[in-house]
Amino acid sequence: MMNMITQIQTLSRREKQIAMKIMEGLPNKIIAADLFISERTVKFHCANIYRKLNINNRTTLMANYYKDLYDMAS
């Protein structure tokens, strides 16, 4: 099974940008403003990210990502 860091590399360029913004703790509205896209587009990309990574929400994305970073550092 691939770890979250490896899985993130399979995302599109825009999905990676949004995933990184999510991991900064930013809400969809701020992500949309930062990337000059609509909030609805951010939500669309989030749904694709969750589907591709087989997760359900941003909390799981963040938890798995930081767990993998911790495991790599250990």
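Q: Contact means heavy atoms within 4.5 Å; among contacts in the chain between residues at least 6 apart in sequence, what share joins residues at least 24 apart?
A: Good place to start: this is a predicted model, where local features need pLDDT of at least 70, side-chain atom pairs count only at pLDDT 80 or more, and totals for chains, interfaces and linings use all residues. For contacts between residues at least 6 apart, the share joining residues at least 24 apart is 57%.

Q: Which pattern does the chain follow along the sequence?
A: Helices (H or I, at least four residues) and strands (E, at least two) are DSSP runs, numbered from the N terminus. The chain comes to 5 helices and 0 strands. Read along the sequence, the pattern is therefore α-α-α-α-α.

Q: What radius of gyration does the chain have?
A: This radius is taken over C-alpha atoms, and the globule rule is 2.2 Å times the number of residues to the power 0.38. With 74 residues, a compact globule would come out near 11 Å. The chain agrees with that, at 12 Å.

Q: Which helices are included in what covers the buried residues of α2?
A: Buried means under 20% relative accessible area, exposed over 50%, and partly exposed in between (1.4 Å probe, protein chains only). In α2 (residues 13-23), the buried residues are E15, I18, A19, K21, I22 and M23. Their cover includes α1 (4-8), α3 (28-35), α4 (39-53) and α5 (58-73).

Q: Leaving aside its neighbours within four places in sequence, which residues is H45 in contact with?
A: H45 is found in helix α4. Its relative accessible area is 14%, so H45 is buried. Beyond those sequence neighbours, the contacts of H45 are R14, E15 and I18.

Q: Why does the pair of Y65 and Y66 count as edge-to-face rather than stacked, and at what plane angle?
A: The structure holds 1 aromatic pair. Rings of Phe, Tyr and Trp (its six-membered ring) pair if their centres lie within 6.5 Å; planes under 30 degrees apart count as stacked, over 60 as edge-to-face and the rest as tilted. The rings of Y65 and Y66 have centres 5.2 Å apart, and the pair is edge-to-face because their planes lie at 85 degrees.

Methods:
Residues are numbered from 1 along each chain as its sequence is written. Side-chain values use heavy atoms; hydrogens and water are left out. Contact means heavy atoms within 4.5 Å.
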